[in-house]
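Hi,

Here is the structure I promised to pass on to you. Please have a look at it, and below it you will find my notes on what turned up.

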Amino acid sequence: MFLDSDLLMSALRALTPILLAALGGALCERAGVFNIGLEGMMLMGCFTSVATSWFTGSPWLGVLAAALAAAAYSLILAVGAVTLRGDAVVLGIAMNLLAVGLTSFLLRTVFGVQGTFDDPSLAGLPLVGGFSPLAYLSWAAVAVAALLLSRHVWGLRLRGVGEAPDAAATLGVSPARYQYGVILLSGVLCGLAGAQLALGNVTLFTENMTAGRGWIAVVAVMLGRAAPLGVLLAALLFGLAEAAGFRLQGLGLPQQATDSAPYVVTLGALFLTTARRRRRPRTTGAVQ
Amino acid sequence: MTRISGALRSPLAFSVLAGLVIGALILLGTGADPVTAYEAVLTGALGGDGIGSTLTTATSVLGLALALAIPLRAGLINLGGDGQMVLGGITAAVTGLYSPLPAPLTVAAALLAGMAAGAGYAVLAALCENRLGVPLLVSSLLLSYPAVSLASYLARYPLKEPGSSLPQTRALPDGVALPAFGDSTVTLGLVLVALAAAAYWFTDRRTAVGYEIRMTGLNPRFSAYAGVERRGLTLKLMSVSGGLAGLVGAIGVLSFPYRFVDGSLTAPGYTWTGLTAALLAAAAPLGTVIAAFFFAVLQVGGLAMERTTEVPRELTQVLQAIVIVFLAARLRFPSRWFGRSAIRRKEKETV
């Protein structure tokens with residue numbers, strides 16, 4: 001049978017990095033910051049986690065370092081877009097480019113290899129009940145984010161900052177502070193996503209190994225309308241597409257067809273939801 | 001002195017300078033001498049051995065920089081350059097291999113077919129925004145992946161050169177190639193791209209369409225009020241953009257090694273370098289040409305730097321991105337990236 005529990009399990013494994021990154025993107029979106037630097041932040045997380053895990057022998061320190069490094073990297077967006085009021089889209093594109101260059105550069109200066117760093121002594125994350133601990137963390141993060149946004153005063157203010165920054169400022173809520181907060185938080189989440197990709201899904205680092213997953217996360221934010229549960233469903237869709245792709249490859253479909261499956265499925269889902277949404281009077285789009 | 005400080009205050013000069021300074025610091029950090037390294041970049045790219053290679057690279061970089069600059073001038077970002085270029089390349093290869101026409105006509109047919117393929121695919125992304133409301137930025141990028149996969153599949157299976165272990169098509173028949181200058185790898189393609197740049201400059205400066213495009217980029221609401229039809233403009237700009245990207249792919253196939261090699265068009269990152277150049281110049285025609293050439297020099301010179309100083313060539317990619325980070329922090333484009341929804345939001349805000 002094609003749709004069985006194995007498929008669901010591998011879909012759940014594939015979706016973790018997307019989900020973590022997309023949650024970060026969703027929080028930024030709610031605060032009125034359009035974050036398309038997710039891909040670059042994830043990639044920084046991938047490299048840092050592998051480098052730290054290799055030098056210290058501890059994948060846990062790798063995860064921690066990845067979160068910190070990606071958060072530090074996200075400061076580019078925070079300072080550029082919030083403080084200097086620069087263009088967030090251009091900044092995000094530049095951050096993605098910079099991350100590809102920087103990690104390839106570091107791969108060669110630190111490890112002296114080109115392309116892929118793959119060493120048997122590199123420690124990856126253990127599996128608990130078939131999943132990496134970061135997978136459980138990502139599910140918990142969805143619940144926490146959903147509760148915060150709907151029930152907690154922090155979430156209420158965050159939404160206020162995104163929807164009516166001037167009104168929020170009049171009430172004594174500093175938009176800049178909230179925006180810095182969510183951008184740094186998205187950095188942490190993308191760092192974890194990168195660590196999961198490099199130490200959880202596999203145990204190696206390859207140049208540009210995020211391969212568009214950060215962009216899929218951006219789309220997941222749009223698909224899920226920046227709501228944690230919506231984002232979870234969107235990420236699940238991607239995970240299913242990736243898992244089904246692997247399965248079909250096993251059945252003899254060429255790799256090129258299955259490789260592009262997640263992008264096509266994501267785009268298709270985007271068509272359906274935006275087409276439906278547009279019939280309603282209110283438009284929700286990305287916030288600049 | 002005032003002139004120097006004035007130039008430094010311009011975001012562009014500041015960004016380039018900041019990029020070079022940070023690059024120098026990184027070089028110092030890796031124990032290399034920045035002066036030697038930068039000298040190696042320049043002599044490697046512009047010296048007798050490197051200039052041919054620089055002009056070949058510049059052909060592709062400039063072609064894609066123009067392709068991305070033209071919609072950017074109206075505030076539209078096309079991120080699907082890779083897909084459009086690769087489809088142009090594979091279509092040109094198929095045309096070159098199977099056309100019954102004499103060689104010179106086949107070359108022309110292959111160029112046109114490549115442009116048509118790229119344009120058609122870019123129009124698909126424009127339709128996604130116009131009809132389905134998917135932002136162009138996202139639709140063009142997501143569409144790029146299946147196109148690259150399709151071309152890769154074609155080069156690896158149905159069109160694969162028999163007996164070869166490489167993922168490439170058969171070589172094009174004799175004579176089906178763009179004429180090259182002397183023994184170099186520089187072809188007539190450079191002239192075609194230069195003509196495209198000249199046409200863009202003329203349109204931008206001297207025609208009503210160019211004015212409309214610029215106005216739309218500067219102030220979408222005003223231009224809509226003045227009667228510029230946005231959907232039509234998006235469609236037109238994307239078809240020109242994709243056509244140019246397709247042309248770059250076709251030129252790549254009709255030049256050395258005269259076949260479609262899987263990955264050879266996408267691996268050098270022309271799309272991203274081109275976008276960086278277009279962003280750096282704010283899509284102005286002359287500025288885009290200069291920025292594209294500057295980045296081609298960096299890309300080719302990076303190899304020379306790697307040979308003489310053992311600093312990895314990826315440093316030049318880092319430099320490019322740093323320049324854009326600095327520039328973006330001071331850049332303010334109108335929020336047209338998200339099409340109608342963003343505009344409507346703006347309208348709501350102002351009402």
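In chain A, α1(A) passes α5(A) in a left-handed crossing (left-handed if the near helix is turned anticlockwise from the far one by less than a right angle, right-handed if clockwise). The model is a predicted one, in which local features need pLDDT of at least 70 and side-chain atom pairs count only at pLDDT 80 or more, while totals for chains, interfaces and linings use all residues. Residues are numbered from 1 along each chain as its sequence is written, chains are lettered from A and ligands numbered from 1 in the order in which they are written, and side-chain values use heavy atoms, leaving out hydrogens and water.

Helix α1 covers residues 5–30 of chain A and helix α5 residues 133–151 of chain A; their axes come within 9 Å and cross at roughly 20°. Axes here are lines fitted to C-alpha atoms, for helices over the stretch in contact, with angles from 0 to 180 degrees between N-to-C directions. Helices are DSSP runs (H or I, at least four residues), numbered from the N terminus. The two helices are therefore roughly parallel to each other (angles under 35 degrees). On the α1(A) side, the residues in contact (heavy atoms within 4.5 Å) include Leu19(A), Leu23(A) and Arg30(A), and on the α5(A) side they include Trp139(A), Val142(A) and Leu149(A). By class, this contact has 11 nonpolar, two polar and one charged residues (Ala, Val, Leu, Ile, Met, Phe, Trp, Tyr, Cys and Pro are nonpolar, Asp, Glu, Lys and Arg charged, and the others, Gly among them, polar).

Now for the charged pairs. Over all chains there are 10 salt bridges (a side-chain nitrogen of Lys or Arg within 4 Å of a carboxyl oxygen of Asp or Glu). Asp204(B) pairs with Arg205(B) at 3.5 Å, N to O, and also with Arg214(B), where the closest N and O atoms are 3.6 Å apart. Asp204(B) is buried at 2% relative accessible area, whereas Arg205(B), at 42%, is partly exposed (buried is under 20%, exposed over 50%, partly exposed in between, with a 1.4 Å probe and protein chains only).

Finally, Arg108(A), Glu306(B), Arg313(B) and Glu314(B) are linked in a network of salt bridges. Within it, Arg313(B) and Glu306(B) have their closest N and O atoms 3.3 Å apart.

Best wishes

Definitions and conventions:
Angles under 35 degrees count as roughly parallel, over 145 as roughly antiparallel, 65 to 115 as roughly perpendicular and the rest as oblique.
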